[in-house]
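I opened a new notebook page for this structure. My entries follow in the order in which I looked things up.

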Amino acid sequence: MRVLGIETSCDETGVAIYDSEAGLLADALYSQVAVHAEYGGVVPELASRDHVRKLLPMIRQVLPDADCKQEDIDGIAYTAGPGLVGALMVGGAVGRSLAYAWGIPALGVHHMEGHLLAPMLEDQPPGFPFVALLVSGGHTQLVSVAGIGDYQILGESLDDAAGEAFDKVAKMLDLDYPGGPRIARLAEQGDDRRFKFPRPMTDRPGLDFSFSGLKTFTMNTIATYKGGDVLPDDQTMADIACAFQNAVVDTLVLKCRRALKQTELKVLVIAGGVSANVLLREKLTSALNELDAQVFYARNEFCTDNGAMIAYAGCQRLLAGHSDDLSIRAQPRWPMDELSPL
Ligand code: KG4
Ligand code: ZN
């Protein structure tokens with residue numbers, strides 16, 4: 001089965017074609033980062049308008065890239081949520097309408113299920129069951145995954161998502177959006193002994209997270225070294241970025257270890273934009289070694305939003321006979337444990 005995947009939940013337009021036999025055939029990504037840069041975050045209306053401009057030309061591009069014609073496509077999967085409602089409507093309207101015109105099934109895919117399954121696109125995919133750490137701009141969740149669609153949420157953030165905390169701290173340090181990669185780069189120059197930031201909610205049992213206190217702690221530290229409106233010196237900024245990144249990563253690692261112990265599972269999957277973080281990958285690899293467990297993640301471009309993960313997740317569900325009726329789906333909020341197992 002050949003599936004056209006469409007991702008438009010936030011500020012990336014992603015289009016890909018996945019073949020259940022041959023694997024990923026083509027994938028195109030357009031990032032709107034430049035569109036939103038001057039606003040310091042994603043402006044929903046501008047995101048929708050840009051998806052409208054980019055989506056059809058990108059679909060026209062991936063078909064020949066995959067050596068396909070429209071009649072070779074057996075189904076269309078688009079992100080139906082969670083995400084920005086206007087942005088979701090663009091992908092949903094285009095995907096649902098094309099499938100209607102082409103006489104093939106369409107399916108609305110859960111964005112976080114897409115992230116969660118993205119490591120399946122790699123040469124050595126993880127096997128079920130596993131624990132997944134989903135860390136994106138909107139979500140921080142630990143999930144016990146028995147199979148596709150069979151999810152049990154073990155813990156989640158009570159306030160900011162990990163990626164959101166990276167983005168907000170980046171803004172405090174006058175770094176561009178998205179903040180995660182920028183903080184990581186700045187932290188490379190930092191001295192990790194200078195500041196010790198709190199590891200939130202690690203001293204009590206459970207698998208929930210909270211990053212808003214850490215964000216405030218970081219803001220207060222920056223304020224201590226500010227001169228009026230003038231930011232701290234370069235080395236202090238790097239030391240703060242380093243301390244912040246260490247605190248987030250250590251917190252995530254501790255909870256992953258706890259989740260693996262609790263579930264007695266030996267496989268951890270990390271997915272979503274923050275799973276591209278090199279320090280997180282390194283610290284998890286060594287922490288899991290001690291537990292005789294293994295960590296899996298997608299290549300960098302499939303950690304952040306992309307069409308390939310939607311094509312893959314949609315293909316698995318379409319193969320199992322799932323498909324939607326003619327209405328266009330857009331669910332800005334959509335708890336992942338409401339999904340049906342395959
Ligand atoms: O999964 P994603 O592309 O979009 C959402 O579904 O939210 O994740 C984007 C988030 C942003 O908050 C971004 O700052 C963060 O992932 N991110 C990173 C890194 N790369 C992206 N955070 C930390 N380190 C990175 N290398
Ligand atoms: Zn995402």
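Which polar backbone atom is 2.9 Å from an oxygen atom of ligand 1? I found that this atom belongs to G180. I count a polar contact as a pair of N or O atoms within 3.5 Å.

Before going on, I noted that this is a predicted model, in which local features need pLDDT of at least 70, side-chain atom pairs count only at pLDDT 80 or more, and totals for chains, interfaces and linings use all residues. Residues are numbered from 1 along each chain as its sequence is written, chains are lettered from A and ligands numbered from 1 in the order in which they are written, and side-chain values use heavy atoms, with hydrogens and water left out.

Ligand 1, continued. I listed 20 residues around ligand 1, the closest being H115, G137, D167, G180 and N277; a residue is listed if one of its heavy atoms lies within 4 Å. The side chain of H115 has an N or O atom 3.0 Å from an oxygen atom of the ligand. For G138, a backbone N or O atom is 3.5 Å from a ligand oxygen.

I traced an open sheet of 5 strands in the order 8-7-6-9-10, with mixed pairing. Strands are DSSP runs (E, at least two residues), as helices are (H or I, at least four), numbered from the N terminus; two strands pair if DSSP finds at least two bridges between them. Strand 8 (150-156) and strand 10 (294-297) are the edge strands. Strand 6 (residues 130-135) pairs with strand 9 (residues 267-271) in the parallel sense over 4 bridges. In this pair, A132 stands opposite V269.

How values were computed:
Polar contact = N/O pair within 3.5 Å; in protein donor to acceptor, adjacent residues only side chain to side chain.
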